[in-house]
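Subject: Structure handover

Hello,

Here is the structure I said I would pass on. My notes on it follow below the files.

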Amino acid sequence: MRGDDIGQPLLEIRHLEKRFALDQGFLETLRFRKGHITRERREVHAVNDVSLGIARGEALCVVGESGCGKSTVARLIAGLLTPSSGSVHYDGTRIDTLSGRALRPFRRKMQMIFQNPYASLNPRMTIQQTLEEPVRNHFHGLPRAQVEDKVAEVMRAVGVDPNWAKRYPHEFSGGQRQRIAIARALTVDPDFVVADEPISALDVSIQAQVLNLMLEAKDERGLTYLFITHDLSVVQHFGTRVAVLYLGTLCELADTATLFANPRHPYTKALLSAVPQLKDDHPNHIRLRGEIPTPINMPTGCPFKSRCSYANDRCGAEQPRPLRQPDGALVACHAVEEDRLG
Amino acid sequence: MSLLSVRDLVVKFAMRDQTVTALNGISFDLNRGERMGIVGESGAGKSITGFAILNLISRPGFIDSGHVMFDGMDLAHTSDKALRTIRGNRIAMIFQDPMVTLNPVLTIGQQMVETLQAHRSLTRRDAEKIAVAKLREVYIPAPEERLQQYPHELSGGMRQRIIIAIALLLDPQLIIADEPTTALDVTIQADIMELLLELCQSNNVSLILITHDLGVVSQMTERTLVMYAGRIIESGRTRAIINDPQHPYTQGLIKALPQQTLPGERLKQIPGNMPALSAIPPGCPFNPRCEYTVDRCRTTIPELVRVGPVEVACHEVQRMNRDTETEEQTA
Ligand SMILES: Nc1ncnc2c1ncn2[C@@H]1O[C@H](COP(=O)(O)OP(=O)(O)O)[C@@H](O)[C@H]1O
Ligand SMILES: Nc1ncnc2c1ncn2[C@@H]1O[C@H](COP(=O)(O)OP(=O)(O)O)[C@@H](O)[C@H]1O
Ligand code: SF4
Ligand SMILES: [Mg+2]
Ligand SMILES: [Mg+2]
């Protein structure tokens, strides 16, 4: 089953899984069971059977609490991590199994932007060098003058004065550094940009500047985004669709307007109710009680059951699958399926 | 009478080549049980204000002038010894990172008992009883067991609850909370804020809540100070400031929020950045980014002046307001 109904997706992940081995000493991995000593490696189940597709021109936002697997999904898609199982497809081609030469064209078409632009910019390279490097890498033999034109063009596009090209990253503010990181992604004419919390570290007035820049790039260059954020007002503004993750599992996937007007999954409902409102004096915030499980000891049944006020025996035993709702949303919840949420 | 009264507070930093001014004449009053927010972008001077109230500015920073009157004492000019009876006792502070306050090598119980015994003569058993009661007050399940645990064994949200329990241990009159939930997930943030609000209300504790999140300020506080480049540029009832901001910077901050624009449309952005302390322009510190700037803004610093229900430091707001008043009088 593919996650949703969007025609031929530009990017698609199918049954994607990622487990990380926990660093443990050899002795800690030994278990004594039924008269035998066995070796058991404990693992972090960071991403569990996630399937979804992203259509050309979309901005799919991924939300969920910290540690729910957002960055891992982003890195799997961008090819910075290899899936434990499942697959990643770009425009119909399976890419997670490619390497070297075969992967190169996809490396260019898919670019990634990170939360901390300082960490992702080389402090010893000038902005000019930083921006030229990917152009030279991906467009071999492009004449020098054209490389420089390209760099000047993207600098203007992101609102950084090309006269500053000889400066180093530390000479720029956080917002300007994020513009430069975006410029670097744009120099190679990507089609698809994975942005992992690109504005979370910035102040409100600077967030607006960078978000506008990304919207502009979307309109003018026809970009498709996978956009990770924990700020739901940004999701509502920027996203065309939203995927809600909990404990590495997809619990809801819907059009942005649908999700905000009519959140279905108990976790999505709680999440939306928790956003502090600017003008509403009487928020009806849904308090979540109960232990937050870790992705090391994955619970059986529904991953949200320990904090869910609708959980019953079935939720404890059987994991809910994403099921399509009449308005096209996908929701993985037994209570929604059984229509006992009211 | 107000619990806290800050007057003309000036904090400077002596840097190698020059001395810069981080707080430039801050004045405000806070009543008993009142909750006040301080908002503004990073570098505005919010945290420095919190530290200066407790006289915790350390070198190269110093309180250059001004007063911090707390219950008849001027904390800006009080001996360290006297301050120790105030800090953590009558004024508690909560930071973004709980590990600033928590000692990683002591159990929660040891830290709570130590804090209590430092200010009260209590037996260990009695101190533990109070600790358990406070943990229960902040809805920590199985509080007796938590006393035996170390900070790293707890989640971020749980740690911040424990910090609130520690802040409440000595029944303070004022809590200064500096971005207490910025590092936490939104569902956990909502729980912690609700808890803080409930505790302040039921114990009549005053709160200074420092945050960059206007939504949080709106939910939590009765009054708000908006800071920019070391100055208060607008202050008044939180509702009034959110619903009808007067200062162009406050207006810009609120208009820049994504929920103020239709999905997919360009956000209304404030151009430029807040200046570094060493490069604050003459006149109104906001003038290079402001769309209403006139000549006077580049030369003369606007004072905070009452305009309707708020106080605003802006020449143009004051002029427009005078003009409407004159119109009303002639009409
Ligand atoms: N390289 C790694 N090694 C071990 N565990 C990891 C690694 N990267 C991520 N994890 C774990 O995987 C889970 C998901 O992490 P992440 O994708 O970073 O979440 P998010 O971005 O939603 O905060 C977390 O429990 C995290 O600790
Ligand atoms: N130890 C220090 N030395 C020099 N400048 C400092 C120091 N601490 C803070 N500042 C400066 O004081 C200003 C206000 O800082 P702060 O109160 O932390 O801002 P915020 O509003 O983000 O809390 C900033 O410009 C900061 O650079
Ligand atoms: S499946 Fe059950 S436990 Fe999971 S969210 Fe739905 S009702 Fe709650
Ligand atoms: Mg992440
Ligand atoms: Mg601060």
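How far is an oxygen atom of ligand 1 from a polar backbone atom of Cys68(A)? The distance is 3.3 Å. Please bear in mind that this is a predicted model.

Ligand 1

Two further backbone contacts reach oxygen atoms of ligand 1: Gly67(A) has a polar backbone atom at 2.6 Å, and Lys70(A) has a backbone N or O atom at 2.9 Å. On its own, ligand 1 exposes 560 Å², and 62% of that is buried by the protein. The surrounding residues include Phe20(A), Val44(A), Glu65(A), Ser71(A), Thr72(A) and Pro295(A). In chain A, β4 (43–54) and α1 (70–77) each supply at least two residues of this shell, and α1(A) gives the most, with three residues. By class, the shell around ligand 1 has five nonpolar, five polar and two charged residues.

Ligand 2

Taken alone, ligand 2 exposes 560 Å², of which the protein buries 66%.

Ligand 3

There are 13 residues around ligand 3, and those that come nearest are Cys302(A), Cys308(A), Cys315(A), Cys333(A) and His334(A). By class, this shell has 10 nonpolar, two polar and one charged residues.

Chain A against chain B

The contact between the chains involves 35 residues of chain A and 44 residues of chain B. About 3400 Å² is buried between chain A and chain B, with 50% of it on carbon and sulfur atoms. On the chain A side, Val204(A), His237(A) and Leu278(A) supply 21% of the area buried against chain B, more than any other three residues.

Domains of chain B

Chain B is divided into domain 1 (4–90 + 172–330) and domain 2 (105–169). Taken over C-alpha atoms, the centres of domain 1 of chain B and domain 2 of chain B are 32 Å apart. Their contact takes 15 residues from domain 1 of chain B and 12 residues from domain 2 of chain B. The area buried between these two domains of chain B is about 1200 Å², and carbon and sulfur atoms give 66% of that. Ile192(B), Leu195(B) and Leu199(B) supply 37% of what domain 1 of chain B buries against domain 2 of chain B, more than any other three residues.

Backbone geometry in chain B

Two places may be worth a look before you set anything up. The peptide bond from Arg59(B) to Pro60(B) is cis, with omega near 10 degrees; Pro60(B) is in the loop between α1 and β4 (61–70) of chain B. Asp8(B), in strand β1 (residues 4–14) of chain B, has phi near 50 degrees, a positive value in a residue other than glycine.

Regards

Terms used: Residues numbered from 1 in each chain as written. Chains lettered and ligands numbered in written order. Predicted model: local features only at pLDDT ≥ 70, side-chain atom pairs only at ≥ 80, totals over all residues. Heavy atoms only, no water. Areas by Shrake-Rupley, 256 points an atom, 1.4 Å probe, with all protein chains shown as cover. Domains from an automatic or database assignment. Contact = heavy atoms within 4.5 Å. Buried area = accessible area lost by both parts, 1.4 Å probe. Near = heavy atom within 4 Å. Nonpolar A, V, L, I, M, F, W, Y, C, P; charged D, E, K, R; others polar. Helix = DSSP H or I, 4+ residues; strand = E, 2+ residues; numbered from the N terminus. Polar contact = N/O pair within 3.5 Å; in protein donor to acceptor, adjacent residues only side chain to side chain.
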